[in-house]
Amino acid sequence: MGNKRSDYISWDEYFMGVAKLSGMRSKDPSTQVGCCIVSQDNKILSMGYNGLPRGCSDDTFPWSREGEDPLETKYVYTVHSELNAILNYRGGSLEGAKLYVSLFPCNECAKAIIQSGIKEVIYAENKYEDTPAVQASMRMFNAAGVSYHPYQATEREICIRL
Ligand SMILES: Nc1nc(=O)n([C@H]2C[C@H](O)[C@@H](COP(=O)(O)O)O2)cc1CO
Ligand SMILES: [Zn+2]
């Protein structure tokens, strides 16, 4: 009987990999974010990426970051990956779940994360660390007992030929 493989991916690599793959569906030209929600016993419960709400066409709504008219920017329309992943879950409670996300959650998603019962956030990047949105998220996570820590990147690179 042969030995088992030793180069299989870890749970963390698996879930962050799924989050990043999900982010590849995003139509946002500047920032693609992906999210994967996992139960305490490592079952994937939901996934999401940043995009427009159902019925709002990717081709007719704006993707600009700036504009004199806020209605001509993406910010008032996009659903963040974390909120999409929470809303995509129809199986019941997310109590005690873990959330893997490629970018640290904003304050609005932090509220949804806390209220849905998610207890742990693992993030890959934090490029908006110095903004009030991220500072507010951290303050709320600390108060609500949601732990958050950066994903510990490995040397692994995965190329999937599709
Ligand atoms: N945690 C996050 N999850 C997300 O899904 N987003 C989305 C909203 C926008 O579509 C995009 C950010 O665009 P930009 O400001 O980097 O061009 O990423 C943004 C953040 C940052 O807080
Ligand atoms: Zn958000």
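Some bookkeeping comes first: residues count from 1 along each chain as its sequence is written, while chains are lettered from A and ligands numbered from 1 in the order in which they are written. Since the model is predicted, local features need pLDDT of at least 70 and side-chain atom pairs count only at pLDDT 80 or more, but totals for chains, interfaces and linings use all residues.

The chain carries four helices and five strands, where helices (H or I, at least four residues) and strands (E, at least two) are DSSP runs numbered from the N terminus. Reading from that end, the order is α-β-β-α-β-α-β-α-β. The C-alpha trace spans about 65 × 40 × 35 Å along its principal axes. Buried residues account for 30% of the 162, with a residue called buried at 20 or more other C-beta atoms within 10 Å of its own, exposed at 12 or fewer, and partly exposed in between, C-beta atoms being placed from the backbone. Of the contacts between residues at least 6 apart in sequence, 62% join residues at least 24 apart; a contact here puts two such C-beta atoms within 7 Å.

On the annotation side, an unreviewed UniProt entry puts "domain: CMP/dCMP-type deaminase" at residues 10–148. UniProt positions follow the numbering used here, feature names are shortened, and annotations may be inferred rather than shown by experiment. That stretch is 32% helix and 18% strand, and its end C-alpha atoms sit 19 Å apart.

The unreviewed entry also lists Glu82 as "active site". Glu82 belongs to helix H2 (residues 81–88) and counts as buried because 31 other C-beta atoms lie within 10 Å. Beyond its neighbours within four places in sequence, Glu82 has contacts that include Cys35, Gly48, Leu99 and Cys109.

Finally, Asn42 lies in the loop between strand S1 (34–38) and strand S2 (44–49). Asn42 is exposed, since it has 10 C-beta neighbours inside 10 Å, and its phi is positive, near 60°. Most residues other than glycine have a negative phi.
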